[in-house]
Amino acid sequence: MREMRRWRNEWLRTFSAEKGLTEGALILVRERSLLKDGSYITRKRRYGVVLYLYPYHFYCLMEDGTKESFRYNEFLGYEARLVRLKGS
């Protein structure tokens, strides 16, 4: 079980790197809320810079000076908090 989870996280990190997630990349974070009809609405937008890539998450310095970590699923678009590269 542990090996399968480790393999899945390595796959997510590799797939994220192929999409352009590297150290020093500028990111845009959209906080979203689910509406009754099943669609999402963006509540808040924040910007940051990727500092480190870890096996299960990546660590960012946000524009207000705080440091925050995000899971790779959030970058790939599978969560309510959506993380994208700034240029895309």
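These are my notebook entries on a predicted model of one protein.

**Entry 1: confidence**

I began with the confidence scores. The protein averages a pLDDT of 80, and 84% of the residues reach at least 70. I then looked at the scores by element. Helix α1, residues 2-18, has the lowest mean, at 71, while β3 has the highest, at 91. I noted a caution for later reading: where pLDDT is low, the predicted coordinates should not be read in detail.

**Entry 2: overall make-up**

How many helices and strands does the protein have? I found 2 helices and 5 strands. Starting at the N terminus, I read the order of elements as α-β-β-β-β-α-β. Of the 88 residues in the protein, 27% are buried. I also looked up the surface: the accessible area of the protein is about 6100 Å², and carbon and sulfur atoms hold 52% of that. For contacts with a separation of 6 or more, I noted that 42% are between residues 24 or more positions apart.

**Entry 3: the sheet**

In what order do the strands lie in the sheet? I traced an open sheet of 5 strands, ordered β4-β3-β2-β1-β5, and its pairing is antiparallel. The edge strands are β4, residues 67-71, and β5, residues 81-85, each of which pairs on one side only. On average, neighbouring strands of this sheet are turned by 45° against each other, direction ignored.

**Entry 4: strand pairs**

- Strand β1 (residues 26-34) and strand β2 (residues 40-53) run antiparallel and are joined by 9 bridges. In this pair, Ser33 has Ile41 of β2 as its bridge partner.
- β1 is also joined to β5, by 5 bridges, again in antiparallel fashion. Here Val29 has Val83 of β5 as its bridge partner.
- Strand β3, residues 57-62, is antiparallel to β4, and 5 bridges join them. I picked out Tyr59, whose bridge partner in β4 is Ser69.

I then looked at the turn in the hairpin of β1 and β2. There are 5 residues between the two strands, and Gly38 takes a positive phi near 95°.

**Entry 5: Glu74**

Glu74 is in helix α2, which covers residues 72-76. Is Glu74 buried or exposed? Its relative accessibility is 5%, so Glu74 counts as buried, the cut-off being under 20%. I also checked what its side chain meets: a polar atom of the Glu74 side chain lies 3.0 Å from the backbone nitrogen of Arg71.

**Entry 6: Asp64**

Where does Asp64 sit? I placed Asp64 in the loop between β3 and β4. Asp64 has a relative accessible area of 57%, and because exposed means over 50%, Asp64 is exposed. The side chain of Asp64 makes a polar contact of 2.8 Å with the side chain of Thr66. I also noted a distance to Tyr47, which is 17 residues away from Asp64 along the chain: the C-alpha atoms of these two residues are separated by 8.7 Å.

**Entry 7: recap**

Methods:
Residues are numbered from 1 along each chain as its sequence is written. Side-chain values use heavy atoms; hydrogens and water are left out. Two strands pair if DSSP finds at least two bridges between them. Helices (H or I, at least four residues) and strands (E, at least two) are DSSP runs, numbered from the N terminus. Axes are lines fitted to C-alpha atoms, for helices over the stretch in contact, and angles run from 0 to 180 degrees between N-to-C directions. pLDDT is the predictor's confidence in each residue, from 0 to 100. Buried means under 20% relative accessible area, exposed over 50%, partly exposed in between (1.4 Å probe, protein chains only). Contact means heavy atoms within 4.5 Å. Accessible areas come from the Shrake-Rupley method with a 1.4 Å probe; for residues, only the protein chains shown count as cover. A polar contact is a pair of N or O atoms within 3.5 Å; within protein, one must be able to donate a hydrogen and the other to accept it, and residues adjacent in sequence count only if both atoms are side-chain atoms.
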